[in-house]
Amino acid sequence: MASYDFYTGIDRTQTASVKWGLTKDIFGSDDLLPMWVADMDFQPPVEVKQAMEERLNHGIYGYTFAPPSVGKSIQAWLENLHTWTVNLSWILYSPGVVPSISTAIQAYTNPGDKIILQSPIYTPFFEMIEKNDRIVLNNQLINKENRFEIDFISFEQQLKDGAKLFLLCNPHNPGGRVWTEDELRKLGNLCLKYNCLILSDEIHSDLVYRSYKHVPLCSIDEKFKDIVITCIAPSKTFNLAGLQASAVIIPSDELRDQFKAQQGKQGFFTLNTFGIIGMEAAYRFGHQWLDELLSYLDENVNIATTYITENIPALSVMKPEGTYLLWIDCRSLSLTDDKIKESLIQKGKLALEPGNKYGPGGEGYVRMNIACSRENLMDGLLRLRRAFT
Ligand SMILES: Cc1ncc(COP(=O)(O)O)c(C=O)c1O
């Protein structure tokens with residue numbers, strides 16, 4: 001029997017939520033339903049709130065370190081959910097995965113170095129490379145029968161061209177591919193061959209639907225421990241992005257020391273008090289909650305996909321293997337991304353991320369976040385239909 005209620009909406013206006021409070025600034029209108037930012041409209045497991053309340057009531061919020069119990073909760077989570085055995089000493093903390101990507105770029109590469117990513121991809125992958133004065137090598141994903149695949153030939157060429165670092169997104173945002181062990185092994189072996197490090201962003205790894213399995217890249221082969229830096233976080237899984245707490249797992253002593261040294265240069269010392277408390281409680285108590293969340297999200301994905309197929313046949317959805325983000329193909333409308341956005345705003349009153357924001361290969365798509373109440377999902381789908389019919 002389900003014990004958590006994901007069906008009933010909770011008002012998030014007046015909470016300085018980026019999704020609900022900045023829609024007017026970003027999309028220019030305040031009567032839009034926001035289904036853009038990747039966070040969920042749900043409360044986390046009740047134990048997270050209880051742990052934070054207990055700490056809140058103490059009343060003193062001085063500098064706080066992450067005690068070993070936090071690392072142990074991460075260790076147990078990774079072992080139970082992903083069959084990955086991690087030493088406590090491998091775990092570092094960071095305020096976010098995007099900050100970790102930037103730190104890794106600074107720690108392991110120099111200005112002018114080449115870094116591989118695979119577009120369409122979460123925009124900060126491009127931004128962190130470019131803002132750090134490194135060069136993007138884009139191994140654009142291949143859309144084969146509405147499913148992303150990796151171009152290994154071009155990937156190997158980019159490694160031959162001297163790429164120093166590869167930013168992998170697994171599961172992939174957008175498109176929701178959960179890369180298979182075979183695909184990951186191939187990527188890892190090629191990077192070993194050409195001496196290229198891999199930052200594996202596994203922030204969406206707990207949000208994987210039942211017929212698929214997330215495989216942590218680093219767990220596949222002993223040798224990968226020498227080249228892989230893995231980022232995980234409770235922020236997507238448990239909707240805790242506002243706590244700004246994440247972990248970086250680096251088995252190699254040398255790579256870990258380099259990462260730590262770079263964090264030191266940035267003045268990073270510790271996470272915020274509630275990030276530490278929330279992260280431990282989520283990983284310790286969140287299994288049942290996550291099980292129920294995934295069933296609910298799976299239903300939302302099916303409802304949205306069926307609705308779009310039956311009512312907006314010009315659009316088609318890439319079936320997500322993981323993540324709560326639908327990648328919707330609008331190319332048969334033959335509209336530019338600006339026109340798609342305009343129709344969504346003017347006619348649909350709906351705020352969605354336009355696909356060209358994710359780089360080459362994203363043009364003509366939109367990304368829709370379906371981690372919301374059933375009522376808002378249905379409202380969003382009606383608005384999507386209104387935008388394009
Ligand atoms: C692939 C990916 N990485 C990182 C992030 C953001 O991570 P953080 O908020 O920890 O910086 C997101 C958020 O949507 C994401 O989709």
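1. A charge sits over a ring if NZ of Lys or CZ of Arg is within 6 Å of the ring centre and within 35 degrees of the ring normal. Here the charged end of Lys186 does this to Phe152, at 4.5 Å from the centre of the ring.

2. A word on the basis of these points: this is a predicted model, where local features need pLDDT of at least 70, side-chain atom pairs count only at pLDDT 80 or more, and totals for chains, interfaces and linings use all residues. Residues are numbered from 1 along each chain as its sequence is written, and side-chain values use heavy atoms, with hydrogens and water left out.

3. Now to the ligand. The residues around it are Ala38, Gly96, Val97, Val98, Pro99, Tyr122, Cys169, Asn173, Asp201, Ile203, His204 and Lys236, each with a heavy atom within 4 Å of the ligand. By class, this shell has 7 nonpolar, 3 polar and 2 charged residues (Ala, Val, Leu, Ile, Met, Phe, Trp, Tyr, Cys and Pro count as nonpolar, Asp, Glu, Lys and Arg as charged, and the others, Gly among them, as polar). Helix H5, residues 97-108, gives the largest share of the shell, 3 residues (helices are DSSP runs of H or I, at least four residues, numbered from the N terminus).

4. On to the rings: the structure holds 17 aromatic pairs (rings of Phe, Tyr and Trp, the last by its six-membered ring, with centres within 6.5 Å; planes under 30 degrees apart count as stacked, over 60 as edge-to-face and the rest as tilted). Tyr63 and Phe269 pair edge-to-face, with 6.1 Å between centres and 75 degrees between planes. Tyr63 is in the loop between helices H3 and H4 and Phe269 in the loop between helices H10 and H11, so their pair ties together parts 206 residues apart in sequence. Both Tyr63 and Phe269 are exposed (over 50% relative accessible area; buried means under 20%, partly exposed in between; 1.4 Å probe, protein chains only).

5. Trp77 and Tyr283 have ring centres 5.4 Å apart and planes at 50 degrees, so this pair is tilted. Trp77 counts as buried at 1% relative accessibility, and Tyr283 does at 3%.

How values were computed
Helices (H or I, at least four residues) and strands (E, at least two) are DSSP runs, numbered from the N terminus.
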